[in-house]
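Visitor: I have a model open and would like to learn to read it feature by feature. Could you walk me through it?

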Amino acid sequence: MPCPPLPHHPDAPAGTAPRSRPEDAFRAEDERFVTRLHAELEEFFGRQRTVLGDISADALPLLDAVVALSAGGKRLRARLCYWGWRAAGGDPEDPAVVRAGAALELFQSAALIHDDVIDRSDTRRGAPSVHRRFESVHADRGWALDGPAFGVAAAILSGDLCLSWSEQLFAAATRARGGHRARAVFDLMRSEVMAGQYLDVQGEVAGGGQDRDGAVQRALDVIRYKSAKYSVEHPVVLGAALAGAPEPVLQRCSAFALPLGEAFQLRDDVLGVFGDPAATGKPAGDDLREGKRTVLVGYVRTLGSEAQIARLEEALGRPDLTEEDVEELRALITACGALGATEELIERLSREAFTALDRLGADTVPMAALRGLATAAVRRSS
């Protein structure tokens, strides 16, 4: 069902009160949900501080690292879960959806911590990544043995704690609601992310030896399973399932959210090469230094000249790339048509998502919310 047209306030009869717009109602309700989500996380972290403190005060830095990381971000997954819930008729006051959103936030924190270890990333959201944070603690306190190894070990354990805590919160959400279908979505999401992460790592080490014709599809497989499903599709479907939506509604949610998730991650890949570090919180060209086999790289391998492909392959995965090197590679990616092809793909997937959203059939405010979040996801600069 298409979103109804907005009322035209200037044409309203004199003396009548202005009608509230769906966008205004969405923003107010969205802000209220985020406030409740922050309160849920703060309360949960308070309980975990007691648990870890009872074990040893020396264990509290694990929690501090998670709290610091969790303070950032746009809460996109939790918000999509909430609006999937509301699209399926869920009660906005029910605490179950807040707990489910908090579980998604902690699952994302785990994924980010482990991803930064795998990619050897120095920063996350404009601050030191968790393993670098613990490496600095080791250096500041003059501890013995290998500082980087300690940082990696502590980060892995921090991420594992996030996974455990995510499960605790999700179990609490489903106990309150039943939620067998939501549980199946949550479990599938976790398996897919781990498999997608492995495909990403495997693609990096296999490198340029893989066939060129399949380069774009392999990158799209990584996008789908490592990011698109857990970032967008599963949160929306999970929220609707938790609200008790029937299978046809869940299928319509998926038809909207999966192409949106793929467009979202493609935008992230573009920003990983062309983004402004002040906005993204990551150094310019970090994906190139990390050797990411993104769709951009896949398109270079299918559209570029032999010289362009050779130059990219020589540079990809080199941590010593200078800003001048990155600028050269950006020009190469643009000149061969890889950037344009990726932007066209983002546009096609976005159109597919918005067309499916029109068929969702939800109430006006959830429709406005999902439309607003979708637009922000594919047009973002950070």
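Visitor: Let's start with contacts. Leaving aside its neighbours within four places in sequence, which residues is arginine 224 in contact with?

Guide: This is a predicted model, so take each contact as a feature of the prediction. Once you skip the neighbours within four places in sequence, arginine 224 is in contact with Lys229, Leu258 and Glu262. Arginine 224 itself sits in helix 8.

Visitor: Is arginine 224 buried, partly exposed or exposed?

Guide: Arginine 224 counts as partly exposed, because its relative accessibility is 29%, and the buried class stops under 20%. For a sense of distance, take aspartate 30, which is 194 residues from arginine 224 along the chain; their C-alpha atoms are separated by 27 Å.

Visitor: Next, salt bridges. How many are there by this rule?

Guide: The count comes to 39 salt bridges. One of them joins lysine 226 and aspartate 200, with N to O at 2.7 Å. That pair links distant parts of the chain, 26 residues apart: lysine 226 belongs to helix 8 (residues 215–242), aspartate 200 to helix 7 (residues 180–206). Both lysine 226 and aspartate 200 are buried.

Visitor: Which residues are linked with those two in a network of salt bridges?

Guide: The network takes in Asp115, Asp116, Asp119, Arg124, Asp200, Glu204, Lys226 and Lys292.

Visitor: What about salt bridges inside a helix?

Guide: Start with the general idea: an α-helix has 3.6 residues a turn, so residues three or four places apart point the same way. Now the case here: glutamate 233 and lysine 229 form a salt bridge, with their closest N and O atoms 3.0 Å apart. They are separated by about one helical turn because they lie four residues apart in helix 8.

Visitor: Are glutamate 233 and lysine 229 buried or exposed?

Guide: Glutamate 233 counts as buried because its relative accessibility is 6%. Lysine 229 counts as buried too, at 10% relative accessibility.

Visitor: And which residue forms a salt bridge with arginine 311?

Guide: Glutamate 314 does, and the closest N and O atoms are 2.3 Å apart. Arginine 311 and glutamate 314 are three residues apart in helix 13 (residues 306–315), so about one helical turn separates them. Glutamate 314 counts as partly exposed, with a relative accessibility of 42%.

Visitor: On to the backbone. What should I look for in phi?

Guide: Arginine 75 has one: its phi is near 60 degrees. You'll find arginine 75 in the loop between helix 2 and helix 3 (76–87). Arginine 75 is buried, since its relative accessible area is 8%.

Visitor: What is the phi of arginine 125, and where is that residue found?

Guide: Phi of arginine 125 is near 55 degrees, again a positive value in a residue other than glycine. Arginine 125 lies in the loop between strand 1 (123–124) and strand 2 (127–128). With 31% relative accessibility, arginine 125 counts as partly exposed.

Visitor: Now pockets. How much space lies in the second largest pocket, and what lines it?

Guide: About 240 Å³ of space lies there. The lining has 13 residues, and Asp58, Pro61, Phe134, Trp143 and Phe150 lie nearest the centre of the pocket. The elements giving two or more residues to this lining are helix 2 (60–70), helix 5 (130–140) and helix 6 (147–177). Helix 6 gives the most, with four residues. By class, the lining holds 11 nonpolar, no polar and two charged residues.

Visitor: Finally, confidence. What pLDDT does the chain average?

Guide: The chain averages 91, and 95% of the residues score at least 70. Over residues 1–19, though, the pLDDT is below 50; that stretch has 17 contacts in the model beyond near neighbours in sequence.

Methods
Residues are numbered from 1 along each chain as its sequence is written. This is a predicted model: local features need pLDDT of at least 70, side-chain atom pairs count only at pLDDT 80 or more; totals for chains, interfaces and linings use all residues. Side-chain values use heavy atoms; hydrogens and water are left out. On a 1 Å grid over the protein atoms alone, a cavity is a set of points where a 1.4 Å probe fits but cannot get out, and a pocket is an open set with protein on both sides within 12 Å along at least five of seven lines; lining residues have an atom within 4 Å of a point. Grid points are joined across faces, edges and corners, and a volume is the space filled by probe spheres set on the points. Ala, Val, Leu, Ile, Met, Phe, Trp, Tyr, Cys and Pro count as nonpolar, Asp, Glu, Lys and Arg as charged, and the others, Gly among them, as polar. A salt bridge is a side-chain nitrogen of Lys or Arg within 4 Å of a carboxyl oxygen of Asp or Glu. Buried means under 20% relative accessible area, exposed over 50%, partly exposed in between (1.4 Å probe, protein chains only). pLDDT is the predictor's confidence in each residue, from 0 to 100. Contact means heavy atoms within 4.5 Å.
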